[in-house]
Amino acid sequence: MNLIPARGFALNGYPYGEADKILQLYTLQWGKVKAIVKGVRKPKSRLASATELFTESAFALYKKPHSDLYLLSQAKILCGYAELKKAFQAITALQILADLLTQALHDAEPNPNLYALLKGTLAALGESSDGLETVLSAFIIKFIELLGHPMELDHCAECGASLQRKGAYLIPHRGGALCLDCSPSGPSRLKVSPAGLAILRKLRELPVAKARVVKMKPAFSRSLFLLLMEYLERTIEKKIKSVDYYLKVLPAGEKP
Ligand SMILES: [Zn+2]
């Protein structure tokens with residue numbers, strides 16, 4: 001077996017055997033991969049802290065031929081994001097991020113731009129407990145585009161009419177926003193107001209570190225977040241289950 005160096009994050013994990021764990025990792029070099037970590041659930045394991053959710057570490061991986069599973073034998077913490085993991089709200093946001101990456105990405109497809117976006121998002125989330133949802137929304141809109149689904153937000157994706165100061169419908173698999181005339185009826189369309197559309201444009205344009213300059217009332221921020229989440233779910237045709245928990249523990253109107 002050859003040593004394969006990688007840097008990345010654990011997205012989730014489950015116990016395996018007596019003291020082992022199988023982790024889902026998101027790595028810069030190899031994209032999303034699964035790895036077994038031997039003995040990590042023993043009290044004195046040196047690998048435990050380096051394989052916590054969203055701790056960026058340098059991993060030493062080995063891969064058996066004809067197996068999708070890597071063996072993770074060493075890990076060194078590069079960035080622990082300790083501040084980020086102290087606040088309940090931020091931890092809840094991290095669970096959504098982990099769920100998004102787990103559900104939306106295929107295995108073994110590296111994407112350096114996405115890796116950079118993820119690091120930027122973690123840094124931005126850790127900066128303050130205010131505006132977490134705005135940062136998440138900024139991540140989602142950029143994430144959808146990095147997955148290969150560019151979103152038209154300036155002009156109707158069908159007829160090309162300007163959408164400046166106009167409401168529209170976001171329609172998954174149709175290239176983004178469609179004007180009211182072109183939009184087909186039916187449950188697949190997601191209504192977006194002129195103000196909502198203007199904010200989506202801004203969140204897409206700004207680096208994620210600057211997302212908080214976009215100010216929204218909590219109820220508006222929540223509805224935009226849910227709109228993007230629904231657009232993503234319909235685009236990837238999968239459900240992001242952690243959203244239900246997020247909505248339960250962080251009701252709209254409370255300071256996110
Ligand atoms: Zn149109």
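This is a predicted model: local features need pLDDT of at least 70, side-chain atom pairs count only at pLDDT 80 or more; totals for chains, interfaces and linings use all residues.
Colleague: Let's start with α2. How many residues does it have, and how far does it reach?

Modeller: α2 covers residues 112–127, which is 16 residues. It reaches 23 Å from its first C-alpha to its last.

Colleague: Which residues of α2 are buried?

Modeller: Leu114, Leu118, Thr121, Leu122, Ala124 and Leu125. They cover an arc of only 165° around the axis, which puts them on the same side of α2.

Colleague: And which residues are exposed on the other side of α2?

Modeller: Pro112 and Asn113 are exposed there.

Colleague: What covers the buried residues of α2?

Modeller: The cover includes two helices, α1 (88–104) and α3 (132–146).

Colleague: Tell me about α1. Which of its residues are buried?

Modeller: Ala90, Ala93, Leu94, Ile96, Leu97, Asp99, Leu100, Leu101 and Ala104 are buried in α1. The helix has 17 residues and reaches 24 Å from first C-alpha to last, close to the 24 Å expected at 1.5 Å a residue.

Colleague: How do the axes of α1 and α3 cross?

Modeller: At roughly 10°, and the axes come within 11 Å. Angles under 35 degrees count as roughly parallel, and α1 and α3 are therefore roughly parallel to each other.

Colleague: Which residues meet there?

Modeller: From α1, Gln89, Ala90, Ala93, Ile96 and Leu100. From α3, Leu132, Leu136 and Phe143. Ala90, Ala93, Ile96 and Leu100 are also among the buried residues of α1.

Colleague: Switching to strands. How do β1 and β2 pair?

Modeller: β1 (residues 3–16) and β2 run antiparallel, joined by 8 bridges. Ala10 has Leu25 in β2 as its bridge partner.

Colleague: What about the hairpin of β1 and β2?

Modeller: There are 3 residues between the strands. Gly17 takes a positive phi near 60° in that hairpin.

Colleague: And how many bridges are there between β2 and β3?

Modeller: There are 7 bridges, and the pairing is antiparallel. Tyr26 has Lys32 in β3 as its bridge partner. β2 and β3 also form a hairpin, with 3 residues between them.

Colleague: Where does Leu28 sit?

Modeller: In the loop between β2 (20–27) and β3 (31–37).

Colleague: Is Leu28 buried, exposed or partly exposed?

Modeller: Leu28 is partly exposed, with 18 other C-beta atoms within 10 Å. A buried residue needs 20 or more, and an exposed one has 12 or fewer.

Colleague: What is Leu28 in contact with, leaving aside its neighbours within four places in sequence?

Modeller: Ala6, Arg7, Gly8, Pro110, Pro112 and Tyr115. Leu28 and Pro110 are 82 residues apart in sequence, but 6.2 Å apart in space, C-alpha to C-alpha.

Colleague: How many bridges join β6 to β7?

Modeller: 3 bridges join β6 (residues 168–171) to β7. Ile171 stands opposite Gly176 in β7.

Colleague: Let's check backbone angles. What is the phi of His173?

Modeller: His173 has a positive phi of about 70°, although it is not a glycine. His173 lies in the loop between β6 and β7. His173 is exposed, with 9 other C-beta atoms within 10 Å.

Colleague: And what is the phi of Glu237?

Modeller: Glu237 has a positive phi of about 55°, and is not a glycine either. Glu237 lies in the loop between α5 and α6 (242–249).

Colleague: Is Glu237 buried or exposed?

Modeller: Exposed, with 9 other C-beta atoms within 10 Å of Glu237.

Methods:
Residues are numbered from 1 along each chain as its sequence is written. Helices (H or I, at least four residues) and strands (E, at least two) are DSSP runs, numbered from the N terminus. The expected span of a helix is 1.5 Å times one less than its number of residues. The arc is that of the directions from the helix axis to the C-beta atoms. Two residues are in contact if their C-beta atoms, placed from the backbone, lie within 7 Å. Two strands pair if DSSP finds at least two bridges between them. Axes are lines fitted to C-alpha atoms, for helices over the stretch in contact, and angles run from 0 to 180 degrees between N-to-C directions. Angles under 35 degrees count as roughly parallel, over 145 as roughly antiparallel, 65 to 115 as roughly perpendicular and the rest as oblique.
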